[in-house]
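Thanks for passing this one along. Here are my notes, as numbered points, to read next to the structure.

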Amino acid sequence: MPLSLQCGMRKIFGFHDTSETLSAMLTHTVGRIEGQHTTLRELIDMMGEQGLLLLCVLLCLPFLIPVSVPGISIPFSAAIILIAVAILFNRLPWLPEKILDREIETAKLVPVLQRGVGVVSKIDRFVKPRLLRLTSGAVSNRVNALVLIYAAVIMMLPLGIIPFSNTLPAVAILLTAVGMIQRDGLFVLLGQVFALAATLYVGGIVYGAFAAGRGLNSVLG
């Protein structure tokens, strides 16, 4: 079992030393990806003791920009859901081998991750501990975990051809995870706002398809 899956819940929820920015942590991780293919298991190993919430940030990066990497929506979203479920029940996460060992082309993944890190670097300076009640305690952790689960489910939907259908829930995951890691309640609140925006956006798309008489298949196709 990878080291990051053996760590305690305190490692999942943040870091003892937050002097290094999130973009720097992510850049370091992305820089260690080698070979023609990588797997989720290898990405988890690279995280070490930095925490599984940082992995959630990494996994949502490809969906922050209008470039798709084939075959990652379901495994990446599923991994986020399982991590969030672990947070919800205060248990170490279990990830199935089928998800852990699915190969992803490095040549396609790394450039997308690097561009995603560029997005994260722009918010680093705005993150700071505040509204601590929203990022600490069992109730807050469970609410935040539910937001992560809900946003990841939306991100998993096969709507990638529709602009922003993956981007909005990915931003919700990013803001919520960053807020939990750095104890920034404002980012947690913004994450909830984007989760609501994703709901309204995707709901509007589905409603529009039915109203036009095309049905759900026209959206999922």
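**Notes on the model**

1. I started at Thr 39. Apart from its neighbours within four places in sequence, Thr 39 is in contact with Leu 100, Asp 101, Arg 102 and Glu 103. Thr 39 sits in the loop between strand S1 (37-38) and H4, and it is buried, with a relative accessible area of 10%. Bear in mind throughout that this is a predicted model.

2. Asp 101 turns up again in a salt bridge: Arg 41 pairs with it, and the closest N and O atoms are 2.7 Å apart. The two come from distant parts of the chain, with Arg 41 in helix H4 and Asp 101 in the loop between helix H7 (97-100) and strand S2 (104-105), 60 residues apart.

3. Which residues of helix H4 (residues 40-47) are buried? They are Leu 40, Leu 43, Ile 44, Met 46 and Met 47. These residues cover an arc of only 160 degrees around the axis, so they lie on the same side of H4. As a reminder, an α-helix has 3.6 residues a turn, so residues three or four places apart point the same way.

4. You'll find it in the loop between helix H3 (22-31) and S1, and at 9% relative accessibility it counts as buried. Setting aside neighbours within four places in sequence, Ile 33 is in contact with Thr 38, Leu 43, Met 46, Thr 106, Val 110 and Leu 113. Take Val 110: it is 77 residues from Ile 33 along the chain, yet their C-alpha atoms are separated by 7.6 Å.

5. Now the core. The largest nonpolar core has 66 residues, and those with the most contacts inside it are Leu 40, Leu 55, Val 57, Leu 58 and Leu 61. Helix H10 (residues 167-182) gives the most to this core, with 10 residues. In soluble globular proteins, nonpolar side chains tend to be buried together.

6. Beyond its neighbours within four places in sequence, Leu 58 is in contact with Leu 26, Thr 29, Val 30, Leu 43, Met 47 and Leu 113. Two of the names to look for there, Leu 43 and Met 47, are among the buried residues of H4.

7. How many salt bridges does a search of the whole structure find? The answer is 3, and the Arg 41 pair is one of them. In another, the side chains of Lys 108 and Glu 105 meet at 3.8 Å, N to O. Lys 108 is partly exposed at 40% relative accessible area, and Glu 105 is partly exposed at 39%.

8. Asp 184 and Arg 130 also form a salt bridge, with the closest N and O atoms 2.8 Å apart. Asp 184 lies in the loop between H10 and H11, and Arg 130 in the loop between helix H8 (106-121) and helix H9 (138-156), so the pair ties together parts that are 54 residues apart in sequence.

9. Last, the surface. Leu 131, Leu 186, Leu 189 and Leu 190 make a nonpolar patch of about 300 Å². Leu 189 lies in helix H11 (residues 185-211), and this leucine is partly exposed, with a relative accessible area of 35%.

Definitions and conventions. Residues are numbered from 1 along each chain as its sequence is written. This is a predicted model: local features need pLDDT of at least 70, side-chain atom pairs count only at pLDDT 80 or more; totals for chains, interfaces and linings use all residues. Side-chain values use heavy atoms; hydrogens and water are left out. Buried means under 20% relative accessible area, exposed over 50%, partly exposed in between (1.4 Å probe, protein chains only). Helices (H or I, at least four residues) and strands (E, at least two) are DSSP runs, numbered from the N terminus. The arc is that of the directions from the helix axis to the C-beta atoms. A nonpolar core is a set of buried Ala, Val, Leu, Ile, Met, Phe, Trp, Tyr and Cys residues joined through side-chain atoms within 4.5 Å. Contact means heavy atoms within 4.5 Å. Patches are made of residues with over 30% relative accessible area and no salt bridge: like charges are joined within 9 Å, nonpolar side chains (Val, Leu, Ile, Met, Phe, Trp, Tyr) within 5 Å. Accessible areas come from the Shrake-Rupley method with a 1.4 Å probe; for residues, only the protein chains shown count as cover. A salt bridge is a side-chain nitrogen of Lys or Arg within 4 Å of a carboxyl oxygen of Asp or Glu.
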